[in-house]
Amino acid sequence: MDGGGATRGQPMLAKRPSHRERHFTAGEVVRDVIMGVSDGLTVPFALAAGLSGASAPSSLVLTAGLAEVAAGAISMGLGGYLAAQSEADHYKREMKREQEEIITVPDTEAAEIGEIMSQYGLEPHEYGPVIDGLRRNPQAWLDFMMRFELGLEKPDPKRALQSAFTIALSYVIGGLVPLLPYMFLSTAQNAMLTSVGVTLVALLFFGYIKGRFTGNRPFISAVQTAIIGALASAAAYGMAKAVQAR
């Protein structure tokens with residue numbers, strides 16, 4: 001007897017080397033967080049700078065800033081909900097249309113499978129069995145056509161609410177950062193200078209993290225994010241000063 005335990009006459013299968021897949025699959029959540037935090041850091045920051053430029057007291061800047069954060073979070077969350085819901089509705093409409101085509105013109109749809117397969121370099125004798133298999137399974141056929149012909153992925157039923165909540169919460173977190181100094185410093189000018197420093201650091205950190213997740217150069221992403229926030233606040237501050245000078 002051989003000690004390997006292999007059946008006689010059957011070749012031993014080579015052991016497949018271990019491999020861990022390291023793909024990032026939370027793209028939609030990250031997109032929502034980026035959208036919420038980036039706007040949350042920039043818009044209240046610019047508003048606070050503008051009001052400070054108009055010599056408004058810290059209490060007024062803080063009140064207006066918190067009101068903007070609340071309104072902005074609701075608006076951004078609602079926008080995220082409507083966008084995700086629109087994607088889901090679009091998927092349902094296209095799925096219904098594709099399902100009708102599979103029933104009414106199955107040969108045409110089967111030919112489209114061949115066209116898709118040929119784009120991957122497969123010959124008719126190679127993708128023919130695949131077509132036959134899909135025709136025997138209408139649901140798999142429908143899923144195949146939705147993904148490979150129309151390029152649509154089935155949306156998560158909870159996606160709309162999750163998107164709304166993620167964007168709104170991210171906006172609130174980002175929006176509170178530039179307002180924190182106004183909670184502790186009574187002089188608006190001192191609070192504004194502190195807010196500029198705190199927010200720029202937050203923008204640099206957020207831009208770096210965003211670059212890591214999106215595959216861009218983290219340092220370039222950090223600098224770009226900080227420059228955009230600085231330009232927005234400088235524009236608001238300058239306009240407030242210009243109006244006040246009249």
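## Helix H6 and its neighbours

The buried residues of H6 pack against helix H1 (27–53) and helix H2 (58–104), where contact means heavy atoms within 4.5 Å and buried means under 20% relative accessible area, with exposed over 50% and partly exposed in between (1.4 Å probe, protein chains only). These buried residues are Arg159, Ala160, Ser163, Ala164, Thr166, Ile167, Ser170, Tyr171, Gly174 and Gly175. The helices named here are DSSP runs (H or I, at least four residues), numbered from the N terminus. Helix H6 covers residues 159–176, which is 18 residues, and its first and last C-alpha atoms lie 26 Å apart, close to the 26 Å expected at 1.5 Å a residue; the expected span is 1.5 Å times one less than the number of residues.

This is a predicted model, in which local features need pLDDT of at least 70 and side-chain atom pairs count only at pLDDT 80 or more, while totals for chains, interfaces and linings use all residues. Residues are numbered from 1 along each chain as its sequence is written, and side-chain values use heavy atoms, with hydrogens and water left out.

Proline 178 lies in the loop between H6 and helix H7 (180–184), and it is buried, with a relative accessible area of 0%. Not counting residues up to four places away in sequence, proline 178 touches Leu41, Pro44, Phe45, Ser195 and Thr199.

## The largest nonpolar core

Which residues have the most contacts inside the largest nonpolar core? They are Ile113, Trp141, Phe144 and Met145, in a core of 15 residues; such a core is a set of buried Ala, Val, Leu, Ile, Met, Phe, Trp, Tyr and Cys residues joined through side-chain atoms within 4.5 Å. H2, helix H3 (106–118), helix H4 (124–135) and H5 each supply at least two residues of this core, and H5 gives the most, with five residues.

Methionine 145 touches Glu98, Ile102, Glu109, Glu112, Ile113 and Leu150, when residues up to four places away in sequence are not counted.

## Two aromatic pairs

The structure holds two aromatic pairs, a term used when the ring centres of Phe, Tyr or Trp (its six-membered ring) lie within 6.5 Å, with planes under 30 degrees apart counted as stacked, over 60 as edge-to-face and the rest as tilted. The rings of phenylalanine 144 and phenylalanine 148 have centres 4.8 Å apart and planes at 35°, so this pair is tilted. Because the two residues are four residues apart in helix H5 (residues 138–149), they are separated by about one helical turn. Phenylalanine 144 is buried, with a relative accessible area of 13%, whereas phenylalanine 148, at 41%, counts as partly exposed.

Tyrosine 208 and phenylalanine 219 form an edge-to-face pair, 5.4 Å from centre to centre and with 70° between the planes. Tyrosine 208 lies in helix H8 (residues 188–214) and phenylalanine 219 in helix H9 (residues 218–245), so the pair ties together parts that are eleven residues apart in sequence. Tyrosine 208 is partly exposed, with a relative accessible area of 27%, while phenylalanine 219 is exposed, at 63%.

## Threonine 194 in H8

Threonine 194 also lies in helix H8, and at 34% relative accessibility it counts as partly exposed. Leaving aside neighbours within four places in sequence, threonine 194 is in contact with Pro181 and Leu185.
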